[in-house]
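Here is a short report on one protein model. Look at the sequence and the 3D view, then read on.

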Amino acid sequence: MEIQMNTPEKYSGLGAQPGPTARQALSRGDILRLARRAANQGRRLQRKLGLPDHMAEDLQQDLLVDLFARLPKYDPARGSLLSFATIVLRHQSSRLAKRHC
């Protein structure tokens with residue numbers, strides 16, 4: 001899977017703008033870790049909201065779609081991929097919880 005992610009660039013001068021983003025591919029292991037993280041967060045949210053068990057999969061899919069949509073904003077210079085995913089999933093979980101309440 002190809003995504004665009006910001007890469008650290010050196011800036012020179014005042015008001016310098018970052019260079020173009022580089023295309024980097026996620027490994028199969030990265031994708032599986034992200035899917036596992038979304039699945040865990042979906043089950044946690046389903047239990048917290050007191051929803052039926054079959055809703056966990058829908059929540060997981062909503063979380064994963066949002067996470068993959070936000071991956072182009074991931075900047076490796078600011079933290080690990082899993083840290084980025086944790087924050088994105090937490091924020092989307094809050095939005096989903098508000099929608100279900």
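## Salt bridges and a helical core

The structure holds three salt bridges. A salt bridge here is a side-chain nitrogen of Lys or Arg within 4 Å of a carboxyl oxygen of Asp or Glu. The model is predicted: local features need pLDDT of at least 70, side-chain atom pairs count only at pLDDT 80 or more, and totals for chains, interfaces and linings use all residues. Residues are numbered from 1 along each chain as its sequence is written, and side-chain values use heavy atoms, with hydrogens and water left out.

The table lists the bridges.

| Salt bridge | N to O distance |
|---|---|
| Asp-30 and Arg-33 | 2.9 Å |
| Arg-70 and Asp-66 | 3.0 Å |
| Asp-66 and Arg-95 | 3.7 Å |

Take the pair Asp-66 and Arg-95. This pair links distant parts of the chain: Asp-66 lies in helix H2, Arg-95 in helix H3, and 29 residues separate them. Helices are DSSP runs of H or I with at least four residues, numbered from the N terminus.

The other pairs sit within a helix. Asp-30 and Arg-33 are three residues apart in helix H1, so about one helical turn separates them. Arg-70 and Asp-66 are four residues apart in helix H2, again about one helical turn. An α-helix has 3.6 residues a turn, so residues three or four places apart point the same way.

Which residues are linked in a network of salt bridges? They are Asp-66, Arg-70 and Arg-95.

How open are these side chains? Buried means under 20% relative accessible area, exposed over 50%, and partly exposed in between (1.4 Å probe, protein chains only). Asp-66 is buried, at 12%. Arg-70 is partly exposed at 30%, and so is Arg-95 at 38%. Arg-33 is partly exposed too, at 36%.

Now turn to helix H3. It covers residues 81-100, which is 20 residues. From first C-alpha to last it reaches 28 Å, close to the 28 Å expected at 1.5 Å a residue. That expected span is 1.5 Å times one less than the number of residues.

Buried residues of H3 include Leu-81, Phe-84, Val-88 and Leu-96. Their cover includes helix H1 (28-49) and helix H2 (55-70).

The largest nonpolar core has 16 residues. Such a core is a set of buried Ala, Val, Leu, Ile, Met, Phe, Trp, Tyr and Cys residues joined through side-chain atoms within 4.5 Å. Leu-34, Leu-67, Leu-71, Leu-81 and Phe-84 touch the most other members. H1, H2 and H3 each give two or more residues to this core. H3 gives the most, with seven residues.

Notes. Contact = heavy atoms within 4.5 Å.
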